[in-house]
Amino acid sequence: MTLELRNVTKRVGADTHIHETSLRLEPGEFNILLGATNAGKSTLIKLMAGLEKPTSGEIRVDGENVTGLSPQKRNISLVHQFFINYPHMTVFDNIASPLRVAGIPKSEIAGRVEQAADILQLRPMLHRRPDELSGGQQQRCALARAIVKESKAIFLDEPLANLDYKLREELREQLPDLLAGRGTVIVYATSEPTEALLLGGRTALVHEGRIVQFGPTTEIYHNPANQLSATVFSDPPVNLAPVVKRGNRIELAGGHGWTVEGAVAAIPDGAYTVGVRPHFVSPVPVHERTVPIRGVVRITELSGSESVAHFEMGGHVWVSLSPGVHAYKVGEEHEFYMAPEHCFYFGENGDLVIKGDADG
Amino acid sequence: MKTENQRGWLFVLPVLILVAFNALVPLMTVVNYSVQETFGDNLFFWHGVGWFEDVLRSDRFHAALGRQALFTFTILLIEVPLGVAIALAMPRKGFWVSVCLVLMALPLLIPWNVVGAMWNIFTLPDIGLLGYFMNHVLGIDYNMTQSPLAAWVTIIVMDVWHWTSLVVLLAYAGLISIPEAYYQAAKIDGASNWAVFRYIQLPKMKRVLTIAVLLRFMDSFNIYTEPFVLTGGGPGNSTTLLSIDLVKVALGQFDLGIAAAMSLIYFAFTLLVSWLFYTIMTRNEQ
Amino acid sequence: MAKITLDKLRHSYLPNPAGPDDFALKQIDLDWTDGGAYALLGPSGCGKTTLLNIISGLLTPSHGRVLFDGQDVTHLPPDRRNIAQVFQFPVIYDTMTVYDNLAFPLRNRGVDEARVDARVREIAAMLELEDRLAMRASNLSPDNKQKISMGRGLVREDVNVIMFDEPLTVIDPELKWRLRSKLKELHQRIAVTMIYVTHDQTEALTFADQVVVMQLGEVVQIGTPVELFERPQHTFVGHFIGSPGMNILPVEVDGGVARFAGHAVQLEGPIVRQGDRTEIGVRPEYVRLADSGIPATVRKAADIGRYTVVETMVGDHVVNAITDRLPPAPGARVFLHFEPSQTRLYADGWIATEVWK
């Protein structure tokens, strides 16, 4: 099936939670809603699932208008951030509950529950109750309940947010295999850019009740349509700084600058905002073409495999992220190398004007 | 917006009908009586706001209202702090929790008229346990059919005995919902027990306490059965609270117009005070 | 400020612990120097919060001692240890203003108002809360509430140690970055001992100078972030740290040579220990897609922005590789090369190779 939002808005009192949004979701791959808390991801999911009614606009399934239809009649599943199971039922009964509601014959239920339990490695726990399980197992039980019935759409609202880091990694690894190939529309909300990249599929960037950009996940990461996209889809935050273009020269505050050629040189002269992701600013020249910039190091962090430095240059704090271990002295000036080929040039309205490597 | 589902309103209909029959229709009947004069035989004459004027100017009404206010104020003053104190003293986990909760819930399970009758017998000077003890062991002259003070003390003690548990249970529910981290943080911040109460427990209990005070206010303001069974409003008129007085007027003297006007004033008063109280208590939120 | 010593510390929640399984914390001996930044890292239920509560005094250990600067504080309550703690969910006093929240620990200790005012303003400035001092704390966003919790620890000049119990759990990723940097900056400015408890390796490694990795109530390894990343002493550390974690692959050791799926693998140095179960550990960062080596099939590749994680299969074993080049398509046949200086042997979970001298 396909799920479509047509000019949907949602207002509560004087607050607009969702501005006019149109979106078309296809089955088979992950549709990720990426944005900060309160950006509107959960509201979008509730609208799609029928838990909330749009103030205006339509929700269509396979072209049919389902706007007023209750969630019970839509054959959907929802997995929430908190591990929601029926506390008084065993894991088996929990997983079986959607089948029982749907009136599936008893003879068939046991087989299907066991199949779902096998996929999620819950077989040994079928006769325990949810409060006897760990957080990861509880969430797997909730997931099993979502996949056991063949629903038309599965909504996952930050399902891994309350799990341990490593557990999150494992489940995230399994999820695509688990849900793929069912002809189901999968909607997955997350606030973590890295999670979106790991899951792949298509991503809709959500910011303050608007969808800023929608497209294949890696493509929109590499080609943000505007400054907001680059900011939302960035961890650590993208470096942004004002520049002035004169001819084939780009000038950055603090006397730094570089020359550009081809398509980048051809854009009109004037003021732009340049955006460059932290891993394209490194303490050693690793990229083919680099521009040296100097700044005073304020904070350093080391994550074992990567080094991070926050440095101040021309009144802006820049972040550099590089593989390996680098020794910085806090409070001292250091030289960093920025790769101009990987810069985004944003115009005054925030839209992307051109990407640094436009010429290839 | 044509597709919007309007069926939701149908579900509210039964409630509307129910409310109409058990509240609106009787209320309207009372309103009807309150503006007319009748001498029986189903003959009614328009009387305007005459009954209201009579009631509001009547010393008898003022006295009953005064007694009612004093009663409600006194029991709130005792029951709320006492309830909070008991809730604070109750264990938070372990075997004793359920024992305490059951003990607390016991008085709430007893019917109103039984409570009145129980206390009536309990306080009889010759055979009642309390009455006998006061008069014959302690030597205090205690007889609530003769002394207004004794009657007052008895109805207040009875109400406190009957209803403090409600405050305890509500306050306790508020207390156990406070995460352990708050107490740990306060310990680390060097807060005294008083500071913990003032800045953590009391603010976190505020919502439930608002409900507790509201419930106790409305209940005690409308109280009828227990004091009626216990003292019948006496000795004299000393414990004739508003509702007792109202019944005397309506059923004893059959002054339906006056009684109806009294009821409406009474109703408006309860509504007004509850609203005022709720507004003040929730003013600071958001 | 103080040096913290844990002396033969053990803890059981049971009244009469019998075997080692009854202990939530098995024996721990530790010395933490003054002014350092430390992290306790491990999965849920590894005992890290128990250990934290023992250090803060919220819990009295069943065995062993806790020393601050050589002085036994095992039985002292938290308010007499001069410690501060920041909890998972922000704890704020709802009815107070931001200012009063920050002043609370000082006022409780009878500090005079002039001094209170000076400290509160100083700390508020550090935390970028000066504009919000007059606001009611309950109206703030979660990250600002968490800053207040931190601030209440920082205002006290006499504080021995500040402890953080998964403080960024409820914070958005973008703000997490900012708050983590802020914390790092604060530590660099006021060198008070800080202990940070988390299950998130990134938080632990970026914050701490030294990380204690725990599993099932036991300390598995103590080391700097680089040591833990480069040379894990135990396969658990290798797996737990890094994203994706270290590739842990079963090998057969025969005459000093380790063989993985029939292919000889060159190790960092000589094998010094034997065991029933032998595995090699090599991080995805040091697995290269090469022209020759161990044949493998690409299962999938995830472009996560700054690099690509390539998941390959060698027989039934998953081997992850990290590359910044264009990854091969799923199903492609490739060869894997393990960087010898970064390939270690583990016997029964513990490291069994030495570096060539």
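Modeller: Before any domain is named, a definition: the bounds of a domain are taken from an automatic or database domain assignment. For chain A that assignment gives domain 1 (3–224) and domain 2 (239–355). This is a predicted model, in which local features need pLDDT of at least 70 and side-chain atom pairs count only at pLDDT 80 or more, while totals for chains, interfaces and linings use all residues. Residues are numbered from 1 along each chain as its sequence is written, and chains are lettered from A and ligands numbered from 1 in the order in which they are written.

Biologist: What distance separates the centres of domain 1 and domain 2 of chain A?

Modeller: Taken over C-alpha atoms, the centres of these domains of chain A are 38 Å apart. Chain C is assigned domain 1 (4–230) and domain 2 (243–351), with centres that are separated by 38 Å over C-alpha atoms.

Biologist: How many helices and strands does chain A have?

Modeller: Helices (H or I, at least four residues) and strands (E, at least two) are DSSP runs, numbered from the N terminus. Chain A has nine helices and 21 strands, and its C-alpha trace spans about 75 × 45 × 40 Å along the principal axes. Chain C comes to eight helices and 22 strands; its C-alpha trace spans about 75 × 50 × 35 Å along the principal axes.

Biologist: What percentage of the residues in chain A is buried?

Modeller: A residue is buried if 20 or more other C-beta atoms lie within 10 Å of its own, exposed if 12 or fewer, and partly exposed in between, with C-beta atoms placed from the backbone. Of the 360 residues in chain A, 42% are buried. In chain C, 46% of the 357 residues count as buried.

Biologist: Why does A:Asn7 count as exposed?

Modeller: A:Asn7 counts as exposed because it has 11 C-beta neighbours inside 10 Å. This residue is found in strand S1 (residues 3–12) of chain A and has a positive phi of about 45°, although it is not a glycine. A:Glu158, also not a glycine, has a positive phi near 45°. A:Glu158 lies in the loop between strand S7 (153–157) and H5 of chain A and counts as buried, because 21 C-beta neighbours are inside 10 Å.

Biologist: Which residues have the most contacts inside the largest nonpolar core?

Modeller: A nonpolar core is a set of buried Ala, Val, Leu, Ile, Met, Phe, Trp, Tyr and Cys residues joined through C-beta atoms within 7 Å. The largest one has 111 residues, and those with the most contacts inside it are A:Met48, A:Ile95, A:Ala144, A:Phe155 and A:Val187. Helix H4 (residues 135–148) of chain A gives the largest share of this core, seven residues. Another core, of 83 residues, lies apart from it; among its residues are B:Ala186, C:Ala37, C:Val155 and C:Ile162.

Biologist: What is A:Phe155 in contact with?

Modeller: Two residues are in contact if their C-beta atoms, placed from the backbone, lie within 7 Å. Leaving aside neighbours within four places in sequence, A:Phe155 is in contact with A:Ile45, A:Met48, A:Ala49, A:Ile76, A:Leu78 and A:Val187.

Biologist: How many residues does the contact take from chain A and from chain C?

Modeller: The contact takes 30 residues from chain A and 31 from chain C. On the side of chain A, the elements that give two or more residues are helix H5 (165–179), helix H6 (193–199), helix H7 (217–222), strand S16 (291–302) and strand S17 (306–313). The residues of that side divide into 12 nonpolar (Ala, Val, Leu, Ile, Met, Phe, Trp, Tyr, Cys and Pro), six charged (Asp, Glu, Lys and Arg) and 12 polar (the others, Gly among them).

Biologist: Where does helix H1 of chain B bend?

Modeller: The bend at a residue is the angle between axes fitted to the seven residues ending there and the seven starting there. H1(B) bends by about 45° at B:Ala20. This helix is hardly covered, with two buried residues among its 27 residues.

Biologist: Which peptide bond is cis?

Modeller: The bond that joins C:Ser243 and C:Pro244 is cis, with omega about 0°. C:Pro244 is in the loop between helix H8 (235–240) and strand S11 (247–250) of chain C.
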